[in-house]
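My notes follow in the order I looked things up.

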Amino acid sequence: MNASHRENIHRAAARAALNVPGVVALQPALADRLALAASRVYEAVAAGTTGHHEAAGVRCELTPAGAWHLEVRCILDADHRVVDVARRVREDVRMTVTAYLAQQGMAAPVTVMVTITRTV
């Protein structure tokens with residue numbers, strides 16, 4: 001598994017989550033926020049390069065057993081039921097990542113944990 005595949009999984013999962021009605025945004029973790037701040041300094045020095053990606057609210061890891069575990073942190077619209085949106089995000093992300101892995105010939109089990117960080 002190379003870094004490109006991991007980045008593609010991040011992006012696919014982020015897009016799937018953001019396409020679910022009721023998801024306003026993804027909540028980056030503290031490490032992502034620090035990386036974004038550092039990338040702004042880097043961008044000032046090396047114009048045209050960006051260190052931030054749309055998947056800041058997604059964390060994925062390949063387990064020793066060869067399965068993928070993803071955590072998606074969402075900010076929701078207050079007009080939607082949290083449980084319904086969380087279930088839809090979990091299923092859509094799982095299906096999207098499973099399809100990506102199958103296209104790449106890397107079929108593996110995928111589990112998704114959705115955390116709702118807040119509603120707005």
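**Entry 1: the whole chain.** I began with contacts, meaning heavy atoms within 4.5 Å. Residues 24 or more positions apart account for 72% of the contacts in the protein chain with a separation of 6 or more. I noted that this is a predicted model, where local features need pLDDT of at least 70, side-chain atom pairs count only at pLDDT 80 or more, and totals for chains, interfaces and linings use all residues. Residues are numbered from 1 along each chain as its sequence is written, and side-chain values use heavy atoms, with hydrogens and water left out.

Next I listed the elements. The protein chain has three helices and four strands. Both are DSSP runs numbered from the N terminus: helices are H or I with at least four residues, strands are E with at least two. From the N terminus on, the order is α-β-α-β-β-α-β.

Then I checked burial. Buried means under 20% relative accessible area, exposed means over 50%, and partly exposed lies in between (1.4 Å probe, protein chains only). Of the 120 residues of the protein chain, 32% count as buried.

**Entry 2: two helices.** I looked at how α1 (residues 3–18) packs on α3. The angle is about 145°, and the axes are 8 Å apart. Axes here are lines fitted to C-alpha atoms, for helices over the stretch in contact, and angles run from 0 to 180 degrees between N-to-C directions.

Which residues of α1 meet α3? I found His5, Asn8, Ile9, Ala12, Ala13, Ala16 and Ala17 on the α1 side. They meet Val89, Asp92, Val93, Thr96, Val97, Tyr100 and Leu101 in α3. By class, this contact has ten nonpolar, three polar and one charged residues. Ala, Val, Leu, Ile, Met, Phe, Trp, Tyr, Cys and Pro count as nonpolar, Asp, Glu, Lys and Arg as charged, and the others, Gly among them, as polar.

**Entry 3: Arg88.** I stayed on α3 (residues 82–103), where Arg88 lies. Arg88 is partly exposed, at 41% relative accessibility. Leaving out residues up to four places away in sequence, Arg88 touches Val20 and Pro21. Arg88 and Ala16 are 72 residues apart in sequence, yet 9.7 Å apart in space, C-alpha to C-alpha.

**Entry 4: charged pairs.** Side chains of opposite charge can pair when their charged atoms come close. I counted a salt bridge when a side-chain nitrogen of Lys or Arg is within 4 Å of a carboxyl oxygen of Asp or Glu. The count is seven salt bridges.

I picked out Arg59 and Glu71, whose closest N and O atoms are 3.0 Å apart. This pair links distant parts of the chain: Arg59 is in strand β2 (residues 58–62), Glu71 in strand β3 (residues 68–76), twelve residues apart. Arg59 is partly exposed at 39%, whereas Glu71 is buried at 13%.

Glu71 also forms a salt bridge with Arg73, at 3.9 Å between the closest N and O atoms. Arg73 is buried at 9%. Arg59, Glu61, Glu71 and Arg73 are linked in a network of salt bridges.

Arg81 pairs with Asp84, with the closest N and O atoms 2.7 Å apart. Arg81 is exposed at 54%, and Asp84 is partly exposed at 37%.

**Entry 5: cysteines.** How many disulfides are there? A disulfide is a pair of cysteine sulfur atoms within 2.5 Å, and the count is zero. Cys60 is buried at 8%. Cys74 is buried at 0%.
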